[in-house]
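Good morning, colleagues. Please turn to the structure on the screen, which I shall go through part by part.

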Amino acid sequence: MPRPEQKIIKLTIDGREVEAVQGTMLVDAAKAADVEIPYFCYEPKLGQPVGACRMCLVEIEGIPKLQTSCSTPVRDGMVVNTQVQRVKDAQNSVVEFLLVNHPLDCPVCDKGGECPLQDITFGWGKGRSRVIEPKRHFVKPLALSPLIAIDRERCILCYRCVRFSQEVAEDWQLIFTERGSHTFVGTHDGHPYVAPFSGNIIELCPVGALTSQPYRFRARPWDIEGAGGVCTLCPAQCNVEFTVRDDKVLRVLSRENPGVDDGWLCDKGRFAYQAIHVDERITTPLVRDGSGELRPASWEEAITAAGALGQHQGSVGALVGGQASNEEAFLIGRLLREGLASADIDSRPHGTVELGLTRALAAPKLQATVQDIEFAHTVLVLGTEPLDDAPILDLRIRKGVRRHGVKLAIASARPSALDPNAQLSIRYAPGAVVEFLSGLEWALTAPGSGETHELAQLLRDGGEDVVILWGESLPPAALAILLRIAEKLGLAEREGAGLLEIPAGANARGIREAGALPNAGPGYADTTTGRDAAEIAAATAAGDIRALYLFGVDPLRDLGARAEWQAALARAELVVAHAGVLTEGIAAHADVVFPAESSAEKEGTIVHPDGRLQRLRVAIKHPGQVRAGWQVIGELAKAVGLDLHVLTAGMAFKQLVAAVPFYAGLTLEQIGGRGVRWPETEAAAAMPAGTPAAQVAVTDVASGPRPEVNGHLAAGTYRSIWASPEVEISPALKFTVAEQLVELAPEDAARLGIEHGSTVQVAQNGTRLSGRAVIRTGVPAGSVFLATGIAKDSANALDELMVEVVKSR
Amino acid sequence: MPHLLFDRIDEPGLNTIPVYERRGGYSALRKALQMPPEAIVEELSQSGIRGRGGAGFKMGQKASFLPKGEMAKYLTCNADESEPGTFKDRELMQKSPHTLIEGIIITTYATGIHHAFIYIRGEYQLQADILDAAVAEAEAAGYLGENILGSGHSLKLVVHRGAGAYICGEETGLLDSLEGKRGNPRLKPPFPAIEGLYAGPTLVNNVETLGTVPTIINMGGADYAKIGTEGSTGTKLISVSGDVQRPGNYEIELGISSREIIYGLCGGPKPGRTVKMWFPGGSSSPVLLEQDLDLSYDFDTLAKAGSMLGSGAIIVVDDSHSAFEVMQKVVKFYAHESCGKCVPCREGTNWTNKFLARIEAGESTPMDLDILASVQSQIIGNCLCVLGDAMAMPVGSIVAKFRDELEAEIEAARERANALPLTDTEDLLALSAH
């Protein structure tokens, strides 16, 4: 739906005329006019107001009863009084009532000092309670989940957590049980509240009823400082505030940015900060000694050892991982191209996309924003699972459907968590996305029936504002068709329409724009074409490339073609890596390991998938011997004889801005805490034009799932939200670490005699993986889905489409 | 005394269509189906009938709020009848279910509704069974279903049983419950007539109100309005309980004196007893005293006297009962039934309940009555729905009207508990001066 028009009206609050947008809730209009009205239950992020706490009662002239300002939209000429005696009496009363059952254990409560109930009691309460009756008691605290403790005595039943569960995350786990003053928040049958976004209820809770298990009793509000940052664990790049005490991150809170995260975080982003301060983290440089052991070394020693890259001029391959900043990616590009005479640099795990097509897909006018998802007529989710790939966008899509009537369509091989919200869910066979898109392109122009035609009709006739979210794993051939579809639908011409890529790496977009691609320099400039990730693997395994530089990437964990990479890493004469954790490939093959920064330590910029440049700021000092990435790259460059002229992170940023024409003129101050979408700036005109997609004759192609072939199933892969080293080493998240879950259709499971939860073997050409069977009703017969990105039994060991699944004995 | 709804109500077999029809049943429906729908709404408006469930809102006006035209609209009959002292709808549904069904069909025809529900409290098992049978019978007879009597009007009527919550008698709590949710009242606006069941415009009416519709159609709204008083037209089913010699349901013409009801119809308290207080409209109405017995029993007079006609449930309390006992019964009920959604009601009813327990235990002083009264005034008008007020209004009235007796009760309770005797503040000041 298009964004509503805004009309300004005038109303009077406490004798003062103020302006507000018509339809704004009175409480918000008052806030904008510097009149504070207290409330507990109101939270517009949760949807329609419920008016339950009664804290925000005000007098509106002409209405006999006091009204809840949280649920009263402002009207022109409205006269409101918030300071009259009857309003004060009502506020006093509500505070007194709330404390009838509240234990007032503030001195031992985690919320004490940052508690709305405390603040409002001081601000709007009478300061004296007349309650001497006994209060209600519960066993406390209880683990609502491994991450959240619940203290039901402190709960004021404001509805926020329950509404979050039911109306935002839509997991429908939290409910009210009992009634009246016996009411309490719980789950059906008391099972733990485990859900990808559960941690948000901690932040929503206006009292100390829901507290974070990892944070409980770690600090009081006067011990801590807040430091703004951005989460770099996935491309959603949610804005966060690190709670810092003594240079340690103790907590992560949302730093609401409507253009990015809407004020929500996933549990990975909220709790994986623990990975910053655990023993598994590498905090000194490591160098492999004569006996083959990785041992701590001094920086000099490590830089000298890594400087041997200079002896492999023209024969170094570099991979840049998704958590690198723009500056790091830019400097690595310079190191490779200028210092090591190599063009073999890549950051895209799914194959080279022709430069003209890359540019066309990244064209400023074609980019949809995160907010466009909410107000589009139709959203198509193509070949990606938002819940795993950019979790917070899952919530944004739900919001669009629920509140703005967005029509949602899903086209994917694997069932999606959003299927129940979708008007249309289409399953294509694993590996058949090119065929599916051909069919869709055909259906856009030719009449016909079937679900592809239904989708075409929805995209074509369901309203002009169409947003297509597409996953980076789409093969290059599919992208050419996608571009043609976007052109057919005229997405570039509409403000609220466009494409939004969900890349694999958190900063993949910025890294590409900084030039970490085999066929593009900074700003998608033409450059000498090098080899892409897969070609680097092959060339290294063949001895053509002799040294590897791995910046925040472990090919055995993060990339496909595991066997080839194993051969490459074994054959490489020198492997230099930046890593925070010793994952398999790094531990076994790196000769030099530089300790990597966490996002709380890093200074630099990153780019959101929708083109928003965001700043990473230093929240804590580097632990141990860790040094800034730009600095290490600079020193390494020096060791190979190249002076990058970077003495500060700011200098690196300036070089980047100078090199990327469409960043021209940008300053760190402009980017600030909210970010700047470069496609909206004037400099965006400097983006090199893409090549229009060649028109080809299209035909209708079958792409639907096919039943098993000789007992073999077509395998698709997925990377779970929980599949990351940071999750593995965060103690609080141990319970949710991703493992090999083999998702099977009920029909196939029955045929193979496999039970839900049993151990199965997945075999292909002599390679065998072990996993736990998950029977999922949405999986089409003949398809199976396997996890990648996990520490053990990752599906990246499989090279071909068809696999055999058997029961374990 | 005209009997409209309760006319020969005890006739055997009246709950079946043959007897009901022999008595002229469904003739109003046949008449109505010949009229344009707007004309029916106009008749209802002219009749001046006010809602019989408790709020007393004009039915014709409510029906006219409903948007016109074809859309998903609903009618919900509120048969949750859970106000203590109220049992009139039970008798009507049990003995003459077709009166209600006929009223529902006419009302849906007038408002263009094709889906109606009777939300009946779970405890009314017998009545729900009777309604189920009556609905099936009406369907078989062509009064319900597609194209009723060839009029083109269609109606699906569903009897839905509640699970035992007072709050589900509140119209929006009822709608949530009907939708399968926890029965909690909704924030108004939007009112159900605009956005009700499944977010569609919904007319919610009490059993008696809908049951009166056939009478109004038969008589004509103007003639119906001649019964009763100007602001309270028609007859009313009242439930009289408590300390009277002939408790039960009666049909009265609105505007007769309350004394006529309590003494005339019901025989007054047992010999030797006097009326100490009476609830004129269910346990949620502020109490009136013996001196108020000559008040005309109609909506406006009772409102002017500081109470309300409510659901028409008169509870009479004679001088054998203590005011404290009455108050505690009321409080326990509402504290138990508060849904817990809004703060003043949830905590106010709960606090008041604990407060009275403290009085009973001999742990309070007469000064506490001021706090008790102030707590009630903090509840009134500040809640999401009227359940909180439903406790606070009668309790507030009892504290105001029986202050001396309650103070004596507090003293007596302290004595029973062997509490220290209360000392005058003057004495305390004198003591502290030493």
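I shall take the chain contact, then helices, and then individual residues of the backbone.

This is a predicted model, in which local features need pLDDT of at least 70, side-chain atom pairs count only at pLDDT 80 or more, and totals for chains, interfaces and linings use all residues. Residues are numbered from 1 along each chain as its sequence is written, while chains are lettered from A and ligands numbered from 1 in the order in which they are written.

I begin with the interface. On the side of chain A, 27 residues are in contact with 25 residues of chain B; contact here requires C-beta atoms, placed from the backbone, to lie within 7 Å of each other. Helix H2 of chain A, residues 85-98, supplies five residues, the largest share of the side that touches chain B. Helices (H or I, at least four residues) and strands (E, at least two) are DSSP runs, numbered from the N terminus. By class, this side of chain A has 15 nonpolar, seven polar and five charged residues. In that scheme Ala, Val, Leu, Ile, Met, Phe, Trp, Tyr, Cys and Pro count as nonpolar, Asp, Glu, Lys and Arg as charged, and the others, Gly among them, as polar.

I turn to helix packing. Two packed helices are described by the angle between their axes and the distance between the axes. In chain A, helix H13 (residues 433-445) and helix H15 (residues 476-488) have axes that come within 9 Å and cross at roughly 20°. The axes are lines fitted to C-alpha atoms, for helices over the stretch in contact, with angles from 0 to 180 degrees between N-to-C directions. H13(A) is therefore roughly parallel to H15(A); angles under 35 degrees count as roughly parallel, over 145 as roughly antiparallel, 65 to 115 as roughly perpendicular and the rest as oblique. The crossing of H13(A) and H15(A) is left-handed, a term for a near helix turned anticlockwise from the far one by less than a right angle, with clockwise being right-handed. Among the residues that make the contact are A:Val433, A:Leu437 and A:Leu444 of H13(A), and A:Ala478, A:Ile481 and A:Ile485 of H15(A). The residues of this contact comprise ten nonpolar, one polar and three charged.

In chain B, helix H5 (residues 88-95) and helix H9 (residues 207-219) also have axes that come within 9 Å, and these cross at roughly 45°. That angle makes H5(B) oblique to H9(B). The crossing of H5(B) and H9(B) is left-handed. B:Lys88, B:Asp89, B:Leu92 and B:Met93 of H5(B) meet B:Val207, B:Glu208 and B:Gly211 of H9(B), giving three nonpolar, one polar and three charged residues in the contact. Within H5(B), B:Lys88, B:Asp89, B:Arg90, B:Leu92 and B:Met93 are buried. A residue is buried if 20 or more other C-beta atoms lie within 10 Å of its own, exposed if 12 or fewer, and partly exposed in between, with C-beta atoms placed from the backbone. The cover over the buried residues of H5(B) includes strand E1 (74-79), helix H6 (97-111) and H9 of chain B.

How many of the 15 residues of H16(B) are buried? Twelve are, so H16(B) is largely enclosed by the rest of the structure. Its cover includes strand E7 (275-279) and helices H13 (323-337), H14 (343-360) and H15 (368-379) of chain B.

Now the backbone. Most residues other than glycine have a negative phi, and most peptide bonds are trans. A cis peptide bond joins A:Lys140 and A:Pro141, with omega about -20°; A:Pro141 sits in the loop between helix H3 (116-124) and strand E6 (142-143) of chain A. The bond from B:Lys188 to B:Pro189 is cis, with omega near -5°, and B:Pro189 lies in the loop between helix H8 (171-178) and strand E4 (202-206) of chain B.

Which residues other than glycine have a positive phi? A:Glu170 has phi near 55°, and A:Phe217 has phi of about 65°. A:Glu170 is buried, with 21 other C-beta atoms within 10 Å, whereas A:Phe217, with 8 C-beta neighbours inside 10 Å, counts as exposed.

Finally, A:Val278 counts as exposed, with 12 C-beta neighbours inside 10 Å. The C-alpha atoms of A:Val278 and A:Ile729 are separated by 7.2 Å, although these residues are 451 residues apart along the chain.

How values were computed:
Two residues are in contact if their C-beta atoms, placed from the backbone, lie within 7 Å.
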